[in-house]
Each structure stands twice: as structure tokens, then as C-alpha cells.
Amino acid sequence: MRHLLGTEAMSLETAVLILDTAEEMAATQERAIRKLPVLRGHTVATLFFEDSTRTRLSFETAARRLSMDVISFSARGSSVSKGESLKDTAQTICAMGAEALIVRHRADGAPHRLANAGWVDVPILNAGDGRHQHPTQALLDAMTIRRHLHCGGNRRAPQGSTLAGAKVAIVGDILHSRVARSNLDLLTALGAEVTLVGPPTLLPVGIDDWPARIAYDFDAVLDEDLDAVMMLRVQHERMSSGGGGYFPSASEYEKVYGLDSARLARLKKEAIVMHPGPMNRGLEITAHAADSSRSVVAEQVANGVCVRMAALYLLLAHGQEIDA
Ligand code: NCD
């Protein structure tokens with residue numbers, strides 16, 4: 001693996017290798033001292049051209065847990081506002097010694113361009129590009145589902161295990177969601193059955209060709225013995241008209257597609273409720289559902305650090321022992 005750009009073409013073997021490595025990382029995080037010396041002296045940079053709370057902090061935490069130095073770049077307040085390009089910014093940061101770039105960008109394909117244009121010669125990790133891909137989010141979601149499927153969530157999933165037989169519903173604003181796209185590719189590769197649920201206005205053109213079942217009736221899907229329900233944020237900032245036109249009103253959306261107490265109660269006992277964050281409480285998910293014992297949002301965040309440690313390790317440590 002040279003880069004981590006997306007999950008579209010990720011093989012089952014690669015997916016399982018990353019998840020197994022993330023589990024090994026998780027085991028190291030139970031120790032009193034959580035920092036591993038394995039990438040000491042190496043430098044990674046986070047290049048965020050779009051806002052983020054958890055993805056950026058998670059990547060930076062993961063890098064520090066591997067003893068890396070982190071160069072942290074945000075477009076806001078930088079020379080990007082003076083017109084500096086992605087190419088010049090990346091080359092500048094590599095000239096400061098970055099050995100890998102973690103990139104978030106509003107344009108679909110920006111990390112792929114960095115990886116393939118020959119501007120820089122370091123591994124690129126996609127931290128979310130436009131509506132396209134968000135591979136580490138999909139991996140942390142897969143890790144969370146795998147743990148629950150095989151051992152109730154709080155213990156390590158068996159090495160080599162997949163998601164064969166798991167039923168997952170991804171619900172809401174599929175149109176604008178890189179999380180939905182990345183998850184669909186990865187969960188399917190791992191053997192899960194995925195149903196995408198949303199209003200027709202929030203499903204992209206051409207979705208019938210995606211390897212998923214499409215549904216408009218959330219209540220009908222809830223009757224299907226789901227293992228996980230992944231609620232998506234309504235992405236107001238990507239709706240040019242501020243939400244107008246995609247659905248009649250916030251209260252109508254909540255009534256038809258929101259996860260509330262009544263819908264929560266219809267899930268089987270072991271089913272989990274997921275959300276990538278940030279949540280619009282009271283829109284796609286009620287506070288009660290978000291804070292219920294079925295909600296694994298905090299586990300998703302914790303697993304995110306392990307998955308990102310695994311990704312950095314696999315791209316940069318070249319076969320060194322995790323405990324080295
Ligand atoms: C997601 C993203 O940025 O794509 N959030 C995240 O990375 N945790 C989902 C979202 O913004 O709704």
C-alpha cells in the first residue's frame with residue numbers, strides 16, 4: 001500500500017489487514033503508557049482545506065501515539081487565502097520534511113491528484129474529499145461493526161474476521177456523503193449487506209448502479225433484523241440553497257427519516273446506532289437516541305485513533321514491529 005485514497009478498489013485482504021492492525025494498536029492503547037516508539041523521528045503533516053474536528057484531531061493523536069512529529073496546516077488563516085494552490089502548499093510542507101500528507105479538501109479527487117500528479121513523492125492519506133471518499137471513517141466504522149458482530153463491542157474482534165452476514169442501513173443525506181460512499185464500498189467488500197435509505201431528493205443520480213439496496217421507507221427497513229443503523233448528517237453547507245428544496249421542512253425530515261425513541265425501540269437488542277459526527281441533534285437523530293446505550297458514537301471516535309495509527313504504521317513503518 002503506497003497511499004490510502006479510498007475504499008473503492010480495496011481488497012478484502014487489505015481491509016482485513018488494516019482492521020487487524022488497528023486491533024493490535026487498540027491493545028497497545030490499554031497500557032499505562034500509550035505512546036509507541038515505532039515512528040519516532042518521522043514527520044507527518046495534516047493539510048486541511050475544509051473544517052474538521054474529529055478527523056483532524058484523531059489523525060494527529062494517532063501520529064503522536066506513534067511518536068511522530070506533526071505539522072498542522074489549515075487553509076483558514078494560511079496563504080491559501082492569498083491564492084496559494086494545493087500544489088504549492090503541498091510542496092512547501094514537504095520541503096519542511098513531511099514524509100506523508102493527510103489531506104482533506106472540498107474538491108472531489110484532490111488527494112488523488114496529489115498522489116498522482118508527481119508534485120510530491122510521499123504517501124497521501126485521504127481525510128475526506130468533497131462528496132467522494134473518506135476511507136479512514138469507513139475503516140473505523142467497519143472496526144466498530146466487526147467488534148459488535150463478533151464480541152459485543154468492547155473486546156477485540158478475532159483476527160481475520162469479516163462482516164459476512166451483517167445487515168447495515170445507512171440513512172439520510174446520501175447525496176452529499178463521502179461517508180456513505182466509502183462505507184458502502186468497504187462494508188460490501190467485507191461481506192456486509194448494505195441498504196441505503198433516504199428521500200429521493202437526497203439520493204444521487206445513478207445510485208441504482210451502486211452495490212446496495214435502495215429504500216425510501218425507513219420504517220420498513222427497521223423491520224429487517226439490522227445489526228447497525230448508521231445515521232448521516234444532513235449536510236446543510238453542501239446544499240447551495242441552505243436546505244431548501246431537498247425536503248419540505250426540518251420537522252418533516254425528522255418525522256420520516258429521523259432516528260427517534262420509537263424507531264430505536266424497534267431495533268433488535270444487539271443492534272448498534274452509529275453516526276460519524278458532527279450530529280444535528282433533533283434532525284437526523286434525537287438526543288435520546290444519540291445518548292442511548294445503543295449509540296456507539298464514542299466507540300467510533302476511539303476506534304478512529306486505532307485505525308489511523310494502523311494506516312500510518314502500514315504506510316510508513318515498513319515491516320517494523322509494532323512494539324519496536
Ligand atoms: C464526516 C465528514 O466530514 O465527511 N465527518 C467526519 O469526518 N467525522 C461526516 C459529516 O461531516 O457529516
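1. Domain bounds here come from an automatic or database domain assignment. The model is a predicted one. On that assignment, domain 1 (12-130 + 304-316) and domain 2 (135-301) both contribute residues to the lining of the largest pocket, so the pocket lies between them.

2. The volume of the largest pocket is about 630 Å³. Its lining is made up of 28 residues, and those nearest the centre of the pocket are Glu50, Asp51, Ser52, Arg104 and Arg178. By class, the 28 residues divide into eleven charged, ten polar and seven nonpolar.

3. Which helices supply at least two residues each to the lining of the largest pocket? They are helix 2 and helix 6. Helix 2 gives the most, with three residues.

4. Over the whole structure, one cavity of 30 Å³ or more is found. The largest cavity holds about 90 Å³ of space. The elements that give two or more residues to its lining are helix 2 (54-65), helix 5 (135-151) and helix 11 (297-316).

5. The residues around the largest cavity are Arg54, Thr55, Ser58, Gln137, Leu140, His275, Pro276, Val297, Gln300, Val301, Gly304 and Arg308. Helix 11 provides the largest share of this lining, five residues. Six of the lining residues are polar, four are nonpolar and two are charged.

6. How do the domains take part in the lining of the largest cavity? At least three of its residues come from domain 1 (12-130 + 304-316), and at least three from domain 2 (135-301).

7. Helix 11 also packs against helix 1 (residues 12-28), at an angle of about 115° and with the two axes 8 Å apart. Angles of 65 to 115 degrees count as roughly perpendicular, and helix 1 and helix 11 are therefore described as roughly perpendicular to each other. Their crossing is right-handed.

8. Helix 5, which contributes to the cavity lining, packs against helix 6 (residues 178-189). Here the angle is about 55°, and the axes lie 8 Å apart. Helix 5 and helix 6 are therefore oblique to each other. The crossing in which helix 5 passes helix 6 is right-handed.

9. To restate the main points for a new reader: the largest pocket lies between domain 1 and domain 2, and the lining of the largest cavity likewise draws on each of these domains. Helix 2 gives the most residues to the pocket lining, whereas helix 11 gives the largest share of the cavity lining.

Definitions and conventions: Residues numbered from 1 in each chain as written. Predicted model: local features only at pLDDT ≥ 70, side-chain atom pairs only at ≥ 80, totals over all residues. Heavy atoms only, no water. 1 Å grid on protein atoms, 1.4 Å probe; cavity = no way out; pocket = protein on both sides within 12 Å on 5 of 7 lines; lining within 4 Å. Points joined across faces, edges and corners; volume = space filled by probe spheres on them. Helix = DSSP H or I, 4+ residues; strand = E, 2+ residues; numbered from the N terminus. Nonpolar A, V, L, I, M, F, W, Y, C, P; charged D, E, K, R; others polar. Axes fitted to C-alpha atoms, helices over the stretch in contact; angles between N-to-C directions. Parallel < 35°, antiparallel > 145°, perpendicular 65-115°, else oblique. Left-handed = near helix turned anticlockwise from the far one by under 90°.
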